[in-house]
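Hi everyone, thanks for coming.

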Amino acid sequence: MKTNSNSYTIIYSAVIVVIVAFLLAFVFKALKPMQDANVALDQKKQILNSLNIRNLSNEETEATYAKVVTSEQNVENGTIYTCNVDGKTKYVFTVKGMGLWGPINGFIAVNDDKNTVYGVYFNHEGETAGLGAEIKDNQKWQEKFQGKKLFKDGDTSAIVLSVKKKVENPESQVDAVTGATLTSNGVADMLNDKVKGLGQYLEFLSQK
């Protein structure tokens, strides 16, 4: 076959494409278990972060998670983790929402009274550094949620925990991230959302 012919070029290109595709598929399959393990480890760290247990090594994370998280219950769009921290029961809830540039998600830990926030951890896929990304990077902002109430005056029909530019009720409201209105609104919506947010757990939270 002539090396400068069209047929040679087409066949050669096809063979190269098949070889590259095979190699990529092989590498992906070989690395997938490691990638899945890293994703699972990162999620464990985020759950522990929401319980105010931070800055652990990988080994410490695995050991602490196994000790602290006693059970998990899957619901339609989320998960409830029952945890034991210093002998006290905490519940961690997964929440999902939408920020300015993409999805945001997080974990909210609540005391055994099912009304008082123990801690939170929020994450994002593409928020602006120094602005919307503060929901993940600013630990002090996340700590503002500690001690806030989910409900008002024992009314478990609606969650009042929220993020506001102007805080009027410090018992249940947290200052929005400066300069990141849309992302802050996304967090606020995520807290009340009855499909993927904290609102989907109302039935569980209302059980005493």
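Let's start with E62, which is partly exposed at 36% relative accessibility (buried means under 20% relative accessible area, exposed over 50%, partly exposed in between, with a 1.4 Å probe and protein chains only). A word on the source: this is a predicted model, where local features need pLDDT of at least 70 and side-chain atom pairs count only at pLDDT 80 or more, while totals for chains, interfaces and linings use all residues. Residues are numbered from 1 along each chain as its sequence is written, and side-chain values use heavy atoms, leaving out hydrogens and water.

Which residue does E62 form a salt bridge with? The partner is K44, with the closest N and O atoms 2.8 Å apart; a salt bridge is a side-chain nitrogen of Lys or Arg within 4 Å of a carboxyl oxygen of Asp or Glu. E62 sits in helix α2 and K44 in helix α1, so the pair ties together parts that are 18 residues apart in sequence. (Helices are DSSP runs of H or I with at least four residues, strands are E runs of at least two, numbered from the N terminus.) K44 is partly exposed too, at 21%.

K144 forms a salt bridge with D175, the closest N and O atoms being 4.0 Å apart.

Now the greasy part. The largest nonpolar core has 31 residues, and F93, W141, F145, V187 and L198 touch the most other members. Such a core is a set of buried Ala, Val, Leu, Ile, Met, Phe, Trp, Tyr and Cys residues joined through side-chain atoms within 4.5 Å. Its largest share, 4 residues, comes from α5.
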